[in-house]
Amino acid sequence: MNSLGLFAAFLLAVLGWLPAGAQAESVALAGMLGSKALLVVNGTAPKTVAAGETHQGVKVISTSGDQAVVEQSGQRQTLRVGEAPVSLGGASGRGSRIVLTESSGGHFMTPGQINGRAVQFMVDTGATGIGMSTQDAERAGINYRNGQAVQISTANGAIQGYRLKLDSVRVGDVEVYGVDAVVTPQPMPFVLLGNSFLSRFQMKRDNSVMTLDKRY
């Protein structure tokens with residue numbers, strides 16, 4: 001196996017890709033070769049794709065630095081090198097069940113989307129709402145400064161944050177709308193998936209598996 005094949009196998013093992021037969025396209029940016037994107041689609045070997053070219057139905061719109069904008073079925077996403085894969089096309093967002101597996105660190109992590117932009121979530125049943133940093137909000141295209149200014153208590157004292165309502169939050173093929181969130185200036189390695197999202201579901205945990213069934 002060549003070096004690219006080994007790298008793809010490593011990504012598959014670490015990030016937990018969707019199988020090739022899944023409805024949604026699982027797409028990630030494995031790297032950049034000059035101005036070309038190195039795409040991995042549904043676990044296939046990485047493919048070098050230039051802006052304007054299409055690979056397995058995924059079109060590269062533009063590239064810049066360590067990121068690429070891709071499109072499928074009219075849906076666009078910004079991919080960044082090293083981030084978890086995102087789903088494009090296929091999935092309708094009308095699903096009703098989310099199944100998560102506990103990570104080696106004891107947390108439940110999952111890629112997802114906020115307002116159609118890719119993020120990495122960590123389930124936090126102690127958080128009132130979705131919690132994210134200003135950097136995550138900016139990457140998701142959220143104009144958080146239009147939200148309600150609030151004071152947030154931290155170990156280092158009070159800081160100013162912003163309370164707002166997200167248009168949509170999606171995990172896998174399940175999407176909910178009008179979700180409360182708080183944006184803070186403190187850097188965070190992931191977005192907290194709090195109770196403003198989790199309360200929309202009936203939660204069940206069986207050892208290392210968490211199942212969320214949508215309430216109606």
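## Nonpolar cores

A nonpolar core is a set of buried Ala, Val, Leu, Ile, Met, Phe, Trp, Tyr and Cys residues joined through side-chain atoms within 4.5 Å. In this predicted model, the largest such core has 30 residues, and those touching the most other members are I114, I130, M132, I142, L166, L193 and F197. At least two residues of this core come from each of strand 9 (97-101), strand 11 (117-123), strand 12 (130-133), strand 14 (157-171), strand 15 (174-184), strand 16 (191-193), helix 3 (195-198) and strand 18 (209-214). Another core, of 11 residues, lies apart from it and includes L29, V60, V70 and L79.

Beyond its neighbours within four places in sequence, I130 is in contact with I114, L166, V179, D180, A181, V182, V191, L192, L193, G194, S196 and F197.

## The second largest pocket

I130 also belongs to the lining of the second largest pocket, where I130, G131, I152, V182 and T184 are the nearest to the centre among 18 lining residues. Two or more lining residues are given by each of strand 12, strand 13 (148-154), strand 14 and strand 15, with strand 15 supplying the largest share, 4 residues.

The space in this pocket comes to about 310 Å³, and its lining is made up of 10 nonpolar, 6 polar and 2 charged residues.

## Confidence of the model

Mean pLDDT for the protein is 80, with 81% of residues at 70 or more. Confidence is highest in helix 3, at a mean of 96, and lowest in helix 1 (residues 3-15), at 35. Over residues 1-24 pLDDT stays under 50, and the model has 32 contacts beyond four places in sequence for these residues.

How values were computed
Residues numbered from 1 in each chain as written. Heavy atoms only, no water. Buried < 20%, exposed > 50% of the residue type's maximum accessible area, 1.4 Å probe, protein only. Contact = heavy atoms within 4.5 Å. pLDDT = per-residue confidence, 0-100. 1 Å grid on protein atoms, 1.4 Å probe; cavity = no way out; pocket = protein on both sides within 12 Å on 5 of 7 lines; lining within 4 Å. Points joined across faces, edges and corners; volume = space filled by probe spheres on them. Nonpolar A, V, L, I, M, F, W, Y, C, P; charged D, E, K, R; others polar.
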